Amino acid sequence: YQDVKRILTENGILLNVNTFEWLAERKNYPNNVKPGRYLIKANWGNNELINLLRSGQQDPVKLKFNNLRTKQQLAGSISKQLELDSLSLIRIIESNEEMGKYGLNSETAVLLFLPNTYEFYWNTSAEEFVERMSREYKNFWDDSRKEKAEKMGLNPVKVAILASIVQMETNKKDEMPRIAGVYLNRLKINQPLQADPSVVFAVGDFTIKRVLNKHLEYDSPYNTYKYAGLPPGPITIPEPTTIDKVLDFEQHNYFYFCA
């Protein structure tokens, strides 16, 4: 209750704290504080204001996230937009037991969070956030997309990991199906993917603009120059549109491409 009064006063919403306190106590608001994000109208008096705050009828937050590469970046972005603590979200994401409920693990956990704009209540907990995103994930991976993945000889997780590499190779949507086809051709013959963006992720220095020989020697399962096949997890959180471009990959006989 003291926090509410402070926020309202600092933002110039309460012109007379004494009259607000008098009415709030009679409406028993000090014992009915409900955290949230509320839309307050300019012409309201104390009665309308207290009724809204006491009701818990929040105005949803437009939550948006994209261009994120790591669990830490994801958790940080979400915690800046919602009340939930970033550490509580990280704990869930890094738990193989928790992520196993959705067919994922700590390495692939970020794939559950499809970049987009969503409506959430500000006081959504980390658990509620993950559960909601799991429903969005399930709706995205419908029977049609699963069928396409199966025809590629992959599952949804592997398709999304491949999409993360394709997304870091190009930002041109029309190139993505062709690049996906190159990587799929390499996978078929067990040729190393040799994707430079995977090396950058392995090293962990996202400021690298040019991959050098010393970077290629870095020992990590994410270094696709050293290890054949897909890395154990995504190197960025792929956009739904990128995943669809990979699912609709171009069939050709190319094994190489250059910028």
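**Aromatic rings and their partners**

In this predicted model, the charged end of Arg 145 sits over the ring of Phe 140, 3.9 Å from its centre.

Trainee: Which residue lies over the face of Phe 120?

Mentor: Phe 120 belongs to an aromatic cluster that also includes Phe 129. At 4.7 Å from the ring centre of Phe 120, the residue over its face is Arg 132.

Trainee: How many aromatic pairs does the structure hold?

Mentor: Two rings pair if their centres lie within 6.5 Å. By this criterion, the number of aromatic pairs in the structure is 9.

Trainee: Is the pair of Phe 65 and Tyr 118 stacked or edge-to-face?

Mentor: The ring centres of Phe 65 and Tyr 118 are 6.0 Å apart, and the angle between the planes is 25 degrees. Planes under 30 degrees apart count as stacked, so an angle of 25 degrees makes this pair stacked.

Trainee: How many residues apart are Phe 65 and Tyr 118?

Mentor: Phe 65 lies in strand 1 (residues 61–65), whereas Tyr 118 lies in strand 2 (residues 116–120). Both residues are buried. Their pair links distant parts of the chain, with a separation of 53 residues.

Trainee: Why is the pair of Phe 201 and Tyr 222 tilted?

Mentor: The ring centres of Phe 201 and Tyr 222 lie 5.0 Å apart. Because their planes stand at 50 degrees, the pair counts as tilted.

Trainee: Is Tyr 222 buried or exposed?

Mentor: Buried means under 20% relative accessible area. The relative accessibility of Tyr 222 is 8%, so Tyr 222 counts as buried.

Methods
Residues are numbered from 1 along each chain as its sequence is written. This is a predicted model: local features need pLDDT of at least 70, side-chain atom pairs count only at pLDDT 80 or more; totals for chains, interfaces and linings use all residues. Side-chain values use heavy atoms; hydrogens and water are left out. Rings of Phe, Tyr and Trp (its six-membered ring) pair if their centres lie within 6.5 Å; planes under 30 degrees apart count as stacked, over 60 as edge-to-face and the rest as tilted. Helices (H or I, at least four residues) and strands (E, at least two) are DSSP runs, numbered from the N terminus. Buried means under 20% relative accessible area, exposed over 50%, partly exposed in between (1.4 Å probe, protein chains only). A charge sits over a ring if NZ of Lys or CZ of Arg is within 6 Å of the ring centre and within 35 degrees of the ring normal.
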